[in-house]
Amino acid sequence: MTPWCRSRRWLRVAGGAVIAITLTAGSVAGDAEPVGPDLTDKLRGLLVKEMVEIEVAMQETYSAIVQGRHDEVARRGQAIHDSFILEQSLTPQDRRDLKGAVPAEFLELDARLHRLAASLAEAGRERNTPRQVDLFGRMTDSCVACHSRYVTDRFGGLEAPSLPERPEDGTP
Ligand code: HEC
């Protein structure tokens with residue numbers, strides 16, 4: 001193989017790498033767009049309703065944790081888990097609309113919150129206060145992570161933060 005040939009090959013490889021990096025950066029930037037405006041009215045309505053319920057449940061959970069009302073922690077954690085919009089009142093068409101309108105990472109963040117909520121319910125049943133406190137913090141991380149990526153049209157104050165990734169669950 002001649003040096004000329006080698007250098008052409010090198011260029012192709014380097015060029016490929018540049019394209020790959022550009023595509024990756026592009027898709028990350030492209031993903032972090034507000035999702036609300038892309039949803040159907042029905043989906044947006046369901047999501048907002050879920051969010052309002054989750055926020056109330058989080059506030060109630062906080063009070064229950066700091067007062068050692070474990071049954072209440074378990075009940076609220078379960079309620080947050082069950083509010084998963086993908087698992088309630090969506091027709092197959094709604095499901096397709098949702099998947100088409102939001103990036104996979106959004107769905108993963110939603111799923112993560114709901115998994116954490118299931119762990120919180122478990123920590124309530126275990127009467128394990130340290131684990132409840134830990135999981136509550138991780139759940140708050142997940143609210144901020146999603147809002148700072150996908151709801152910046154409404155929550156402009158969250159444009160900057162990028163939270164350090166914490167491993168998901170505080171299970172022993
Ligand atoms: C997977 C993404 C995601 C996660 C996780 C998430 N949210 Fe949201 N949230 C949204 C989106 C999207 C909106 C904006 C909906 C719209 O306006 O279209 C929103 C809006 C809200 C609102 C405003 C609702 C209104 O009155 O319009 C509240 C309150 C809220 N979220 C609370 C929370 C809390 C508390 C958590 C964590 C326990 C959380 N959210 C986690 C995506 C998320």
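I am working on a predicted model, in which local features need pLDDT of at least 70 and side-chain atom pairs count only at pLDDT 80 or more, while totals for chains, interfaces and linings use all residues. Residues are numbered from 1 along each chain as its sequence is written.

**Entry 1: the ligand shell**

I looked up what surrounds the ligand and found 22 residues, the closest being Gly36, Met51, Asp110, Cys143 and Cys146. For element names I use DSSP runs numbered from the N terminus, with helices as H or I of at least four residues and strands as E of at least two. Which helix gives the largest share of the shell? It is α2, with eight residues, and α2 (41-66), α5 (104-125) and α6 (129-150) each supply at least two. I sorted the shell into 15 nonpolar, three polar and four charged residues, where Ala, Val, Leu, Ile, Met, Phe, Trp, Tyr, Cys and Pro count as nonpolar, Asp, Glu, Lys and Arg as charged, and the others, Gly among them, as polar.

**Entry 2: α2 against α6**

I then followed two of these helices and found that the axes of α2 and α6 come within 11 Å and cross at roughly 155°; axes are lines fitted to C-alpha atoms, for helices over the stretch in contact, and angles run from 0 to 180 degrees between N-to-C directions. The two helices are therefore roughly antiparallel to each other, a label for angles over 145 degrees, with under 35 roughly parallel, 65 to 115 roughly perpendicular and the rest oblique. Taking contact as C-beta atoms, placed from the backbone, within 7 Å, I listed Met58, Thr61, Tyr62 and Ile65 in α2 as meeting Thr129, Gln132, Val133, Phe136 and Met139 in α6. By class this contact has six nonpolar, three polar and no charged residues.

**Entry 3: α3 against α5**

I found helix α3 (residues 70-82) packing with α5 at an angle of about 160°, their axes 7 Å apart, and these helices are therefore roughly antiparallel as well. Their contact has seven nonpolar, six polar and two charged residues.

**Entry 4: Arg127**

In the loop between α5 and α6 I came to Arg127, which has a positive phi of about 55° although it is not a glycine.

Methods. Near = placed C-beta within 6 Å. Contact = placed C-beta atoms within 7 Å.
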